[in-house]
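Hi,

Here is the structure I promised to pass along. Have a look at it first, and then read on for what turned up.

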Amino acid sequence: MSAVKSVPPNQPIAKKSWGEATKAYLDPRVIIMLFLGFSAGIPILLIFSSLSLWLREAGIDRSVVTMFSWAALGYSFKFIWAPLIDALPVPFLTKWLGRRRSWMVVSQLLIVLAIFLMARVNPVSEDVLVYMAGAAVLLGFSSATQDIVIDAYRIELAPPSMQSILSSIYVSGYRIGMIVAGAGALYLADYFGSNETFYSYEAWRNTYYIMAGVMTLGVLTTFASYEPTAETLQSKKQKGNLKVFLIYSALLLIPGLLFGVIYLINILINTVFDSTVALIPLMVMPAIKFYFLALVACAPLLLLYFIINQPKIINKAPLVAETREDYVRLVALFVFSVIAFIAAYILMGQVLPEFEGAFSSFFVETLHLLVSLGAAMAAGYALVQVGLVKKEVAMATWIEPVLDFFRRYGKKALLLLALIGLYRISDIVAGVISNVFYQDMGFSKTDIANAVKLVGVIMAIAGGFLGGILAQRFRIMHAMMIGAILACATNLLFVVLTYNPGSLPIMYMAVIFDNLAAGLASAVFIAFLSALTSIRFTAVQYAIFSSLMTLIPKVMGGYSGAIVDNMGYPFFFIFTFAIGIPILALIYFVDRHIVIGDNDDIYGDDNNDGSGGNGIGDKLSKTNHNLTDTKEPPRASE
């Protein structure tokens, strides 16, 4: 029997008018989430596609290039340290900025450091690839940490009625960040003089330096925003910071949006009609560049102003580690568990046999990771048993969010976990090698940037909006089925491209439909994950779900280069289509046997922790009225 109360599945939900829905986008919190989404979207492509092209131009083998995608496995294991983000304060920063913003600043500064370290390595020699890999792993870890904090911050920033708006605008900002780190990085590398025929380390180094500088906007947003679960003692300072930030945002966003739309239309016209029309006169381009450069140059000064002008706050949100001893013990437990993971990974690497086949290697590597993760969990459990950390603290930090999920769904939770882990496998595995594929098909970096990193991302944003409409119009599982069918079927378009290398029209057709499908599938999947997540454990449970959804696809994606080398591109894309078909059966069984989202106790009346309803989740609800200012169910699956 579920330990939480049920929300009637057919309870009517008040609908907003079009005017009210549009007005909600003028809320300052929407702008905050747009820029935080932008900050979260920058790092991912600096690990995946942009780094892949850099390494490829430097002469690194394709199989080695795709293995660098494993540096982003931090996104898939972030559920391990996500509870620590809730449990531990950051020395000095938490008292100054609050629980969420302090961790946000730490993660953003680590991202800047990691990008800088990657820029310092010239990967022409395989001897230095280990340093590049180390910096890439740091980038993956710190950007995954930023995602954890931003997800939790978004939930606490506004009531459930605003979550769909904040989520959609966050995804839009994320996609814009991907455009800058994807298309922007390729444009810059090409501008600085590195291309397929002439490799220039200085060009890529300067490109990554600029990307590190762009992350300043994320840090700027963190200092300009406010802590939702803290009491602000100097509200005039906070309002002044937000006002200045909104003015700066308007100066950056409105001209940027107009320029971007006109530029995109210009590219499409010239591509389709094979023309050289310039909708933006060349004579005004220097003025436009100067305008945006001047705004970017102002960012460090604005950041300094926000740092100096921070209002005093009183932190209200409860922390699991309420004493310094609990803090030190939790950190020690995590460090020892990580050491156990590394030791087990090295030991298993010496014991497990090596296989030349891509599929055999994939299964061995999956076993490698699972055994290492099991060793880390066993080490953590043993340390708790010997008293390194209090059992009740360990339970509240790591175990209770997991138990809550299984209490609500019972044995059927395993079916849900299988669907979460496999739903995105088709498009993620295909996406790992996409940039290398386009390059092998004879397209230049500029062609790739225009089609994939610009038009493709715009179509992904459009697909996201379409997915949101589908999630509202149909039952969530029906929308999931549509997304899964489109995500795997569009991979067949790339088979067509393999027989027409160098054809821009076919490339654009494949990119447009593939990204539209990926955006749609991603949007409905986020709605599905949100429906599964309990409001009492949002940060931890969402981190678990989002980690699981990318773990298997990313591990398999690391072998995409080896699969292509052995079997060729046509087989590879047919394979990515085929592995998406079983997902349809999973969706059918989940839809038939499980009711999603009708058993979430949003008020935490029954914490099942022996505290009479005064657990950590309940305290947080009382601290921040945004979490409980409505009796409307925050998750609607039907």
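What share of the contacts in the protein with a separation of 6 or more comes from residues 24 or more positions apart? The figure is 83%. Keep in mind while you read that this is a predicted model.

Some overall numbers to begin with. The protein has 638 residues, and 54% of them count as buried. Its secondary structure consists of 29 helices and two strands.

The largest nonpolar core contains 171 residues, and the members that touch the most others are Leu419, Tyr423, Tyr438, Met480 and Phe528. Helix H2 (residues 28-47) gives this core its largest share, 14 residues.

If you ignore its neighbours within four places in sequence, Tyr438 contacts Phe443, Ile448, Val452, Phe494, Leu497, Met507 and Val511. Tyr438 also belongs to a cluster linked by ring pairs, together with Phe437, Phe494, Tyr569, Phe572 and Phe573.

On the subject of rings, there are 27 aromatic pairs in the structure. Take Phe405 and Tyr409: their ring centres are 5.4 Å apart and their planes sit at 55°, so this pair is tilted. To count as edge-to-face, the planes would have to be over 60 degrees apart. Both residues are in helix H17 (residues 391-409), and because they are four residues apart there, about one helical turn separates them. Phe405 has a relative accessibility of 4%, so it counts as buried. Tyr409 is buried as well, with a relative accessible area of 7%.

Back to H2, this time for its packing. H2 and helix H12 (residues 216-224) pack with their axes 8 Å apart, at an angle of about 145°. Their crossing is left-handed. On the H2 side the contact involves Ile32, Phe35, Leu36, Phe38 and Ser39, while H12 brings in Leu217, Gly218, Thr221 and Thr222. Sorted by class, the contact between H2 and H12 has five nonpolar residues, four polar ones and no charged ones.

Helix H19 (residues 425-432) is another one to look at, as it is mostly covered, with seven of its eight residues buried. The buried residues in H19 are Ile425, Ser426, Asp427, Ile428, Val429, Ala430 and Val432. Note that Asp427 is on that list.

Is Phe92 buried or exposed? With a relative accessibility of 62%, Phe92 counts as exposed, because the cut-off for exposed is over 50%. Phe92 is in the loop between helix H6 (82-87) and helix H7 (93-97). Its phi is near 70°, a positive value in a residue other than glycine.

Thr490 is also in a loop, the one between helix H22 (476-489) and helix H23 (492-498). Thr490 has a relative accessible area of 10% and is buried. Which residues does Thr490 touch, not counting those up to four places away in sequence? They are Phe513, Asp514 and Ala517.

Cheers

Terms used: Residues numbered from 1 in each chain as written. Predicted model: local features only at pLDDT ≥ 70, side-chain atom pairs only at ≥ 80, totals over all residues. Heavy atoms only, no water. Phe/Tyr/Trp six-rings, centres within 6.5 Å; stacked < 30°, edge-to-face > 60°. Buried < 20%, exposed > 50% of the residue type's maximum accessible area, 1.4 Å probe, protein only. Core = buried A, V, L, I, M, F, W, Y, C linked by side-chain atoms within 4.5 Å. Contact = heavy atoms within 4.5 Å. Axes fitted to C-alpha atoms, helices over the stretch in contact; angles between N-to-C directions. Left-handed = near helix turned anticlockwise from the far one by under 90°. Nonpolar A, V, L, I, M, F, W, Y, C, P; charged D, E, K, R; others polar.
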